[in-house]
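This report describes the arrangement of strands, helices and contacts in the structure shown below.

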Amino acid sequence: MLYGYAGQILRVDLTRGVITKEPTPERVMRNFLGARGLGAYLLWTEVPHGADPLGPQNKLFISPGPLSGTLFPGAGKMDFTTKSPLTGGYAGASMGGMLTAEIKYAGYDSIILEGISPRPVYLYIDDDTVELRDATPYWGMGSFALEKRLKDELGEEFQIATIGPAGENLVKYACINHDYGRQAGRGGVGTVMGVKKVKAIAVRGSKGIPIADMDEFTRVAKAAYRACKEADGYEAWTRYGTMMVTSWCDENGALPTRNFRSGSFEQGANIYAPVFREKIVVTDKGCFGCPTPCGKYAHSKKHNIYVEGPEYETNGMLGSDLALGDIEDIARANQLCDELGLDTISTGGCIAWAMECYEKGILNQEQTGGLDLRFGNAQAVFALIERIAHREGWLGNLLAEGVKQAAAQVGQGSEKWAIHVKGMEQSAYDTHSATSMLLAYMTADVGAHHNRAWAITYDLAVGRDKVVPEKAAKVIELQHIRPLMDTLGCCRLQWVELGMSLDFYAPAMTALTGVTYSWQDLLHISERIWNLTRMYWVREVAGFGRVWDAPPPRFVEEPAVGGVTDGKLTSPEAAQQMLDYYYQQRGWDANGIPTSETLQRLGLAELVRVMP
Amino acid sequence: MRLYADNAKCSGCRACLVACSLHLFGENNPKKAALAIVPHFPAPGTFEVRVCTQCGRCAEVCPVGAIHQNDKGAYYIQPDECTLCMTCVDECPEGVIFSRPDVPYVWECDLCGECVDVCGPGALWIAE
C-alpha cells in the first residue's frame, strides 16, 4: 500500500482522445517523492530528447505532492512541469489554491497531458469519471470569466484551472490560473496547455488520503499548526502577506526600478503594504490548509476590478520596474495579466525592456503602435499587456516571445538591458549589490526566478558584496530546502516567514507514508532532483554550460543609480568567482556539468545514461 | 455552548474541514466535515462559514428519535438509529447536516473543537 499518495496516475492522450489510468510507481515515489520531483522524473523519461516544446512530443505533468491535501500547514501546493517554450530547458512552476487537494481526493498523483487535441477541449474529472469535453464555446474567454462559468455550470465543489487568451495565442510566458488569483506562472506552462488546446481542467474528488499512522500524523500536523499560529510576526505577515517585502527592498536597494537600473523607487512609499491594505484589500485569502494566509484579495474602485494581489513580485515588476506609483494602477495591470493569462513577472520584465528601448530612441512611436511608452505611463502599460496577450501589432508580437528573443531581434545593444538568465525574465530583486542573490538567479533551474533560493537576506546579514564560499553554500542549502517543499506539495512560507521548524517535515512524511525519512534523506532527494533538472538542460540545450549561468550584464557592467546601492555593481570576476565556489561545492565540473561521481552519489548514474 | 464563526476572518483555507473529517470519520477528507465554507468569488470576494447553532430543530423533526445531545450539549445523530430519511437535512436552517453516498447516516457538529484548534486567523470559536 502506497500511503500518502492517491495511488493512480491519469494519462490523457489528447491526440487520440484516449484516457488511461496507471498505478503510481512506488519506486519512483521513494526516489522522487512527488510534485516537482515526479515531474522532473517524468520529463526526463517520457519527453524524448530534442522535443519541440510546442510540438506533440512535449507533455505537461500536473502533480500534487505527498503532503498535498493533508492536515499539514500549507498543504495546498502543486507543480506543473514541462519543457519550457520560453527557455527551451526545464520548467517547473508551483501553484497554490485548492486544486492540488482536489486532484488528490479524486484519486490522482499526477495528470499527464500528452499529444495535441484536434479541437479545444477541457478535461473534466469527477473522481473516477474522466472526460475530454468540448471547449469551443470557451475559446477566447478570460481566465476568471471561464472559471466562474464552469463553476456555475458544474458546481462550486469543482476546482478549476484555466488558460486565458495568452495561452491560446502561444505567448511564451503564458500562465495557468486557478481560484481567482493563483497562478502557475513561470516558464510558459500555460503556453503548453494552449498549444495542446486544453482550455481548462475541472476536478472534483471525494476520496480520502490513506495515511500510514493517522494518530502520529495528526499529532505532528497539529503541533505544526500551533507553531504557526503562535509565531512571532504572525499578525503582520497575515495582514500584509508578501507585500511586506516592498518597503524592505526599497530601503535596501533591492526594489527593481525602471528596468533594474535602480534598487529604490522615488514613489515607493505609495506602493508599500499599508497603503495596499488600507486602500484596496477586501479579504485575506488562503490556499488549501494554510494557517498563515498571504493571499490578499483586492478591489480597486478606480478601475472597478477585483484581483488577488498584487503580491510582492507583481508589485515590483508591474509597479516600480515600470515606474507605476499608484497601487490601484498596479492592481489593474495585475488583473489584466491574470485575466489574459500572462505571467506578471515576465510581462513586467518585457515591458520594462521595451520602455528603456523607447527612452533610448531604439523604439519609436511607429514601432510601439502609437503608444507613448514612457516609464510611469499606466495607460500605455495596460494597452501593451492586451497587445502582448493577443500578439497584436509588431511590438505585442515581439514581446510575446520573451525579452531574450525580443532583444536578439531588435539588437542595437538592447541585449545589455534584457534582464534574464537562461531566457527567463528576472523576478523582483535588484542584484547589483547582493552576490548570493545574484548567484541564486544565475543558477536557478528554471532561469532567473527567486523561489529556488531567496538568499538576499543572507547578503544583508553577512555583507552584501562579499564574495566568499559561504554564500555559495547558503544558496545550495536554500536550493535544496525550498524546492523540497515544492516536491512535498506544501508551501515554504510557513518556514520562511513564520519560522515554523524544519523538524516537522521528516516526522510528518514518515507518519504519512510509513517510510522512515530523516531530514537528511529528504534533502538528499532534493539534491537528486536538482541535479536531474541540471542534466535536463545539458541534454536538451546544445552547448549548455557555464555561459548559460551568466548574470544579466546590467548587474556586472552598469552601476545602480540612486538609493543605498547608488554606484554599486558586482564585478564580472566576482560573479564568476561565485560560480566557481558553487560548482565546486555542488560536485560539478568547471563548465557547470555534474560529474559522474556526483551523479553516482545521487543515484542518478543509471537514469541519465539512458537518454530517450 | 455552540460553535461561532466570523466570516470576515475566514480565509477559506479549509483546514477546519480536514480536522473535522479526521475527528468524525478518522479520514483525511474535507467532503466529510460538519461545517461548510461557501466562497463568494470573483465578487464580492468573501467567504461565508456555515456552522451548527445547536438550535435543536433537527431533534424536533427526526421521526425516529435518532438525534440526541452529548455531554457538551451538542445534538448528534446516532448512526445506527438514522434511517437516512433526510428530514433533518431538509429542515436544518443553516444547511449543516451532511450526507455522502458512501456513509449510511447523516451527521452534524458535535462540538469537538478540532476546527477551532487549526484555524489560523481565529475565525472559529466555541462559547455559550
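Strand E14 (residues 295-300) of chain A pairs with E15(A) in the antiparallel sense, over four bridges. Strands pair here if DSSP finds at least two bridges between them. Helices (H or I, at least four residues) and strands (E, at least two) are DSSP runs, numbered from the N terminus. Within the pair, A:Ala298 stands opposite A:Val307 in E15(A). The hairpin of E14(A) and E15(A) has four residues between the strands, and A:Asn304 takes a positive phi near 55 degrees there. From strand E15 (residues 305-308) of chain A, A:Ile305 and A:Val307 point one way and A:Tyr306 and A:Glu308 the other way; all are buried. A residue is buried if 20 or more other C-beta atoms lie within 10 Å of its own, exposed if 12 or fewer, and partly exposed in between, with C-beta atoms placed from the backbone.

This is a predicted model, in which local features need pLDDT of at least 70 and side-chain atom pairs count only at pLDDT 80 or more, while totals for chains, interfaces and linings use all residues. Residues are numbered from 1 along each chain as its sequence is written, and chains are lettered from A and ligands numbered from 1 in the order in which they are written.

| Strand order (chain A) | Pairing |
|---|---|
| E2-E1-E6-E3-E4-E5, six strands | mixed |
| E8-E7-E12-E9-E10-E11, six strands | mixed |

In the sheet that begins with E2(A), the edge strands are E2 (18-23) and E5 (90-95) of chain A, each pairing on one side only. The twist of this sheet averages 15 degrees from one strand to the next; angles run from 0 to 180 degrees between N-to-C directions, and axes are lines fitted to C-alpha atoms, for helices over the stretch in contact. Strand E4 (residues 78-83) of chain A runs antiparallel to E5(A), joined by six bridges, and A:Met78 stands opposite A:Met95 in E5(A).

The bridge partner of A:Ile160 in E12(A) is A:Ala202. Helix H3 (residues 99-106) of chain A packs on this sheet, touching E7 (121-126), E9, E10 (176-178) and E12 of chain A, and its direction makes about 65 degrees with that of E12(A). Contact between two residues means that their C-beta atoms, placed from the backbone, lie within 7 Å. Helix H4 (residues 143-154) of chain A also packs on the sheet, touching E9, E10 and E12 of chain A; its direction makes about 150 degrees with that of E9(A).

Helices H13 (residues 344-359) and H16 (residues 403-410) of chain A pack at an angle of about 25 degrees, with their axes 9 Å apart. H13(A) contributes A:Gly349, A:Cys350, A:Trp353 and A:Cys357, and H16(A) contributes A:Val403, A:Ala406, A:Ala407 and A:Val410.

The largest nonpolar core has 247 residues, and A:Leu342, A:Ala354 and A:Ala508 have the most contacts inside it. Such a core is a set of buried Ala, Val, Leu, Ile, Met, Phe, Trp, Tyr and Cys residues joined through C-beta atoms within 7 Å. H13(A) supplies the largest share of this core, nine residues.
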